[in-house]
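Here is a short tour of a few local features, written for reading side by side with the model. Keep the structure open and follow along as each residue comes up.

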Amino acid sequence: MRYKCIIAAAVLFVGLILPQALFAQEDAEVPDSLLAEVQLEPPPQPVVTEGVDRPNDNGHKLTVKWKYPEEGVDLIEGFEVYRSMSPDGEFQLRGQSPADYFEYFDIGGVDKSDPDYMANDEDYYYKIVAIGKNGVSSESEIGGPFQTSGQVFHTGKIPVLIGVVIFAFFTVYFISSAKKGKELYVRPLAGIEAVDEAVGRATEMGKPILYILGIGTAADIATIASFTILGRVAKKVAEYQTDLIVPCYEPIVMSIAQDVVRSAYLEAGRPDQYNDDMVFFVTNAQFAYVAGVNGIMVRERPATNFYLGYFAAESLILAETGNSIGAIQIAGTDQITQIPFFVVACDYTLIGEELYAASAYLGRDPLLLGSLKAEDWAKGILMVVFLIGVLTVAFGWDGIRELVRVNL
Amino acid sequence: MNGNGEQKSLVERLQFIDRRIIFLFIAVAVVLPLLFGATLKEETTPIVQELFDFIEHLPPDSRVLLSFDYGPTTAPEIQPMADAIVRHCAERDTRLYMMAIWATGHNLTGSTIEETLKPEFPGYVYGEDYINLGYKAGNQGLIRLLFDDFKRMYSTDANGTAIDEFPMMQQIKNLKNFDLIVSFGGGFPGIKEWVLYAGDPGNIPVGGGCTAVSAPLLYPYYPNQLVGILGGAKGAAEYENALITKYPAYGKKWMGGMSLMMSQAVSHVVIMLFILFGNALYFILRAQRKLETGGGE
Amino acid sequence: MKRTVPLLITFIVGAVLILAEFVPHEPFGNFGEDFSLYFDIIAVFAFLLGGGNLIRVHVTKVQRKKKDWPFSIVTLVGFLGMLAAGLLKIGNPDGIQGDVAKLGSLFNDLYMFIFTPLQASMFALLAFFVGSASYRAFRAKNLDATILLVAAFVILLGRTPFGLWLTSGLEGSLSFLQIPNLANWIMGVPNLAGQRAIMIGIALGVISMSLRLILGVERTYLGQDNE
Amino acid sequence: MAARNIAGYVVLALIVIAFAISVVLKGLLLTVGAFLTLFIFSFLYKDNPYYKFAEHLFVGVSAAYWMCMGFWGTMVPNLFGKLYPPMVGGVLPALKDNPAEFHMVIPLILGIMLLMRLSSKAGWISKWALAFIVGTTAGLNLVRYLRSDFIQQINNTALSLYVTGATGFDLGATVSNIVIFIGVMCGLIYFFFSKEHKGAFGVGARTGIIVLMVTFGASFGYTVMARISLLVGRMQFLFGDWLGMIR
């Protein structure tokens with residue numbers, strides 16, 4: 001108790017006495033600096049040289065640059081940057097820059113309502129103030145007018161544009177050649193071939209099938225790929241008249257999944273077998289969803305579990321619980337960090353790209369298979385570029401990196 | 001399968017050992033070291049030592065910005081780092097500016113102050129030596145704004161007191177006024193965003209502490225863009241080791257990272273023993289089968 | 001019409017966003033952000049569907065006295081209680097103007113007392129499952145499984161002091177064989193190569209899938225509507 | 001059956017008593033957290049009513065949590081606040097004087113379209129909203145992945161296969177770079193779909209699988225540490241904060 005009292009007293013002392021001491025010091029300093037102002041020389045003047053619009057943006061930003069004599073740098077604390085819309089208007093402080101840095105990137109607001117708003121294609125004037133260490137400062141002449149503007153084409157993204165064009169070309173080409181009836185070979189994927197077997201097994205055992213779309217939203221392509229596979233699985237399920245359980249993590253995903261499953265039952269000629277209770281919403285929180293799905297697994301005891309889509313840390317909890325109930329498990333995700341857990345705990349795993357290919361495989365639709373061919377060509381080209389890259393780097397030419405550099 | 005249970009040998013049955021036995025072993029492996037307060041020393045590696053040395057060479061009254069960018073789920077890994085670095089900074093008499101770009105970080109800032117800073121450094125005065133600025137939304141956009149104008153976003157501290165009333169805030173105009181930024185937490189937004197939106201453009205030293213999982217994603221930024229990184233419990237324990245080496249008084253103190261490492265080591269060993277055990281059974285079984293079939297194939 | 005309009009919407013939206021990526025000029029430059037914001041807002045509308053579905057599922061369970069129906073009451077009470085606390089900002093120190101998750105509000109209390117420990121505990125189950133999964137799966141049954149096992153084992157060993165202790169005899173030019181060094185090398189080199197190959201494959205899959213969606217080749221997500 | 005019921009009630013009674021004692025000694029906050037933690041962990045033994053309770057509570061509370069966050073965090077400021085700022089003046093005074101952004105009527109219309117699916121007649125119109133969402137996803141992801149995960153990788157993989165350091169030829173770095181290069185190439189070969197994995201191509205694909213297996217094993221082993229840390233955190237809570245047995 002006494003110990004606490006001492007601490008309290010110490011805190012009180014430090015809290016009350018010390019600030020006073022500090023403020024007292026500051027008070028004492030004021031006359032000094034006032035004196036200094038009268039006697040001391042101002043630092044050299046900065047000279048505004050240019051105001052450059054940043055390329056490849058929507059405007060509203062400008063880099064203002066200035067010159068400053070080298071001997072002045074040690075005399076100043078830094079610069080202050082002021083801006084106005086007319087040379088004799090009121091100048092507003094925009095920001096500071098350190099003493100050895102002679103440019104300032106002025107980021108204006110994009111919205112007209114923003115007090116910070118900076119219009120495109122209008123004149124702006126700048127003034128730079130060097131703040132002397134002695135408290136005296138000196139102003140530059142007014143620089144300007146400078147303008148900022150938005151660009152129509154982003155030149156830094158040319159490699160990306162080329163990529164889009166090449167890829168789109170391949171895709172359209174192979175799809176159209178597939179349309180003409182050209183046979184395309186695709187190698188077998190174990191995970192895909194197991195789908196039919198897995199549905200059949202559940203039917204034999206009289207147990208349901210659990211289909212998990214992951215914890216992605218409709219903004220994840222993996223989820224959308226999973227819808228296609230769900231459509232196939234649901235059609236098989238409808239034909240075999242097995243039960244299907246699709247617990248969803250996100251309401252939009254649930255809505256789409258309901259449409260997909262309903263259509264699949266329709267396609268299989270059993271629209272009466274479908275009801276909306278098959279596809280339902282659990283919750284939108286990662287681990288609460290896992291808790292719910294775990295409960296479903298141990299109580300409904302599905303014979304087959306599908307985990308296809310976007311997964312995070314919950315992957316192993318699901319897969320291990322599924323394993324403990326003896327279900328056949330088919331997984332696939334584009335989350336690199338989670339693939340190892342599925343590989344370890346599931347019977348079949350679609351690794352990354354295979355998840356996207358699966359929809360084409362299951363459809364056996366020539367159009368979709370055509371796009372697989374396009375992917376392979378892109379891979380082939382990339383491998384050739386890698387090879388060229390390695391060879392040219394070996395001969396000391398670094399150009400390939402420059403060619404593919406994306407400047408954002 | 002279950003019907004011919006009697007015919008199975010012991011080895012065969014052990015192969016499919018009830019997983020609850022494994023669970024029990026793991027639980028014991030984690031809990032026992034905790035109960036006995038056992039700790040494990042970790043030799044400090046350069047990536048951790050450099051951050052330590054940087055803080056060690058900060059002059060008194062240097063300004064250190066600590067951003068608590070993690071949540072309760074990763075706190076077991078990251079809290080020991082925050083404690084160790086707060087201790088070290090306080091030993092060096094630096095000024096601590098604590099903030100969070102994760103909403104969940106706010107509570108953790110508070111508990112770091114209440115449980116580590118206040119009891120161990122009673123001389124530290126709020127508003128002069130340390131301040132809790134609280135959480136602000138905006139992710140990397142917030143960092144960008146702070147980079148230009150700190151007080152525009154932080155006009156008050158976490159308790160709503162106007163920022164200009166604190167003596168230690170008077171010299172702060174923007175992020176460039178800080179001598180070091182340390183971000184705790186490797187998620188998004190986190191260390192990477194601090195590097196990209198503050199450290200790189202402003203040439204401000206940035207250090208970080210993150211979970212073991214996200215550490216490999218950050219190693220590429222060291223040493224050019226990051227002073228040092230504490231990766232997972234191991235990184236925390238390494239920093240604590242450096243701290244004890246320099247300030248031996250901490251040797252008597254309970255250290256979160258080192259205690260975590262003991263549980264880690266024991267449970268890793270348990271998992272490895274199970275793997276070895278399973279493989280041994282597998283090979284015994286295979287040898288037996290070969291004998292039974294005559295091994296002629 | 002019912003089928004073509006959605007396909008047309010997907011095509012136009014997708015194509016405009018791709019175009020916008022290369023046009024920084026207003027208004028195109030902001031399309032990406034704007035559309036993402038629209039997406040977020042539509043998602044909140046969808047919560048009505050989700051919440052409605054949740055209530056329907058559990059009320060039906062209670063009405064029909066299905067298995068475990070009393071627990072459905074727990075869900076409903078938790079859901080409606082939390083919803084009221086959050087939407088009405090009950091007990092919020094700053095009243096209706098306060099941040100919904102303000103410290104001291106009932107909403108935040110429920111989050112801290114119920115949500116957080118449950119979440120952390122579910123997450124912690126992983127520690128047990130990594131154990132059971134590695135016991136079962138890491139068996140040297142064939143070459144692939146053996147490689148998986150050895151890589152995992154070296155990394156596990158490298159994370160404990162025993163790794164260094166076992167191999168500290170390997171010095172000088174053999175020091176790269178010390179377990180911690182070996183573990184770092186595996187993480188930094190073959191692991192990196194594998195991850196990069198997977199990553200490139202995924203990128204191609206995403207690009208191709210996106211194109212198929214925009215071109216209307218892939219249309220399962222729309223279902224059928226000749227019902 | 002009767003014996004099991006009785007046992008069940010005994011367990012329930014014990015838990016209630018323990019809960020009450022804990023509330024008195026440690027307060028409600030810690031007690032609720034500790035018991036919910038134990039309920040979740042009980043799942044490791046087997047499914048039971050206590051896990052069911054925790055699970056159902058978690059589902060209900062979390063679903064409402066995200067709905068409230070979505071309402072106050074997105075709907076009010078970003079839809080109502082932008083469409084007609086004076087409307088939210090009562091809850092977000094800061095936004096009151098902002099000008100209206102009329103383009104926000106688009107998500108409003110799409111949101112209402114989505115809700116139309118509740119009607120059996122106009123349900124088809126919800127697909128327009130879904131089509132918009134899918135189009136956005138496709139458009140945004142295509143360029144993003146092409147840029148960062150495809151083209152950018154050329155830069156990362158164009159490594160020197162003959163590395164010289166300060167002391168001349170660097171064997172270690174050279175071997176590493178060669179392994180990375182071959183690993184990436186073979187990994188890509190594995191992902192070829194339209195070519196049979198036979199001959200030299202088959203060897204490449206086989207090597208690719210081996211590289212992938214190393215990747216999976218290593219990533220798995222690496223993650224164990226983070227997972228154990230989580231458990232340590234929970235155990236510190238149970239044995240330290242709650243039971244006071246640590247330190």
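Helix 2 (158-179) and helix 10 (366-394) of chain A each supply at least two residues of a nonpolar patch. In this predicted model, the patch covers about 620 Å² of surface and is made by A:Val152, A:Phe153, A:Ile158, A:Ile162, A:Ile166, A:Trp377 and A:Ile381. Which helix gives the largest share of the nonpolar patch? That is helix 2 of chain A, with 3 residues.

Now please turn to chain C, where the loop between helix 2 (31-63) and helix 3 (69-87) holds C:Lys65. C:Asp68 also has its place in the loop between helix 2 and helix 3 of chain C.

| Residue | Phi |
|---|---|
| C:Lys65 | positive, about 50 degrees |
| C:Asp68 | positive, near 60 degrees |

C:Lys65 has its positive phi although it is not a glycine, and C:Asp68 is likewise a residue other than glycine. As for the surface, C:Lys65 has 54% relative accessibility, so it counts as exposed, the cut-off for that label being over 50%.

Note on methods
Residues are numbered from 1 along each chain as its sequence is written. Chains are lettered from A and ligands numbered from 1 in the order in which they are written. This is a predicted model: local features need pLDDT of at least 70, side-chain atom pairs count only at pLDDT 80 or more; totals for chains, interfaces and linings use all residues. Side-chain values use heavy atoms; hydrogens and water are left out. Patches are made of residues with over 30% relative accessible area and no salt bridge: like charges are joined within 9 Å, nonpolar side chains (Val, Leu, Ile, Met, Phe, Trp, Tyr) within 5 Å. Accessible areas come from the Shrake-Rupley method with a 1.4 Å probe; for residues, only the protein chains shown count as cover. A salt bridge is a side-chain nitrogen of Lys or Arg within 4 Å of a carboxyl oxygen of Asp or Glu. Helices (H or I, at least four residues) and strands (E, at least two) are DSSP runs, numbered from the N terminus. Buried means under 20% relative accessible area, exposed over 50%, partly exposed in between (1.4 Å probe, protein chains only).
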